[in-house]
Amino acid sequence: MVSPLAIADTITNFQALHDRLGLQRATDMDFFPEWQHLGVNLSDQDYGFLDVLRQRYLYYYNAGLLTEGTILLAIVAPLLNHFGFHEPPCSVRSEVPISLAVPDRDEVACGRIDVLVVQERLWILTVEAKRSRFAVDTALPQCLAYMTAAPTSPSFGMATNGSDFVFCKLVDTVYDFSEPFSLLSHRNRLHEVATLLCNLKQTIAGAHAH
């Protein structure tokens, strides 16, 4: 009998991700060029919006109010909305249940994605919102585990704890991730986060068109 296991309980680190799902990190430095070569130009209105969003983040951060719900409602949801991820052909679904068969094990890993952006059955990105007291890299193994359920490769993900944003890419069983973009930096790293989101959106749309 196959035993259901919670992804949050079983995929808690990269070793578990490698052992249970057979994933491995890319050794090719050019595997994930999308986060290094940003070809999308933001408007002055976009920059103004992102500066307001960062000020909102700093207000909640300084007040110690960055809970998971606050991160989703005050930062992630407005970011996705402003850059068109709520409009066709994209759609956002919250709390999506996922089941993954574990290769060579009599197990099924189950979990829920906090935010899932879908474009015509193609998963563009997943967002794992974690409380800011946890390092963002603790969310990456779970984010990548969820991405293995995507019907099309490559798939992309974004993990955030509200303070830091990290993007990841998965092709079959090979993955890699970007450097973290910290909102505690002196410059507004949301500019890069938003540019990368738009860049990935165009990349996926172009691949889907072909």
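Student: How many helices and strands does the protein chain have?
Tutor: This is a predicted model. Both element types occur in the protein chain. The count is 6 helices and 9 strands.

Student: What percentage of the protein chain's residues count as buried?
Tutor: The protein chain has 210 residues. Buried here means under 20% relative accessible area. By that cut-off, the buried share is 50%.

Student: What is the distance between the end C-alpha atoms of helix α4, and what span should its 15 residues have?
Tutor: Helix α4 covers residues 68-82. At 1.5 Å a residue, its 15 residues should span 21 Å. The computed distance between the end C-alpha atoms agrees with that, at 20 Å.

Student: At which residue does α4 bend?
Tutor: The bend is about 35°. A proline, Pro-78, follows within four residues of the bend. Pro-78 is also among the buried residues of α4, and so is the residue at the bend, Val-76.

Student: Which residue just after α4 takes a positive phi?
Tutor: Look just past the end of α4. The phi there is about 80°. The residue is Gly-84.

Student: Why is helix α5 described as largely enclosed by the rest of the structure?
Tutor: Helix α5 runs over residues 140-147. Its buried residues include Leu-140, Cys-143, Tyr-146 and Met-147.

Student: Among contacts between residues at least 6 apart in sequence, what percentage join residues at least 24 apart?
Tutor: A contact needs heavy atoms within 4.5 Å. Of the protein chain's contacts between residues at least 6 apart, those joining residues at least 24 apart make up 63%.

Conventions
Residues numbered from 1 in each chain as written. Predicted model: local features only at pLDDT ≥ 70, side-chain atom pairs only at ≥ 80, totals over all residues. Heavy atoms only, no water. Helix = DSSP H or I, 4+ residues; strand = E, 2+ residues; numbered from the N terminus. Expected span 1.5 Å × (residues − 1). Bend = angle between axes of the 7 residues up to and from the residue. Buried < 20%, exposed > 50% of the residue type's maximum accessible area, 1.4 Å probe, protein only.
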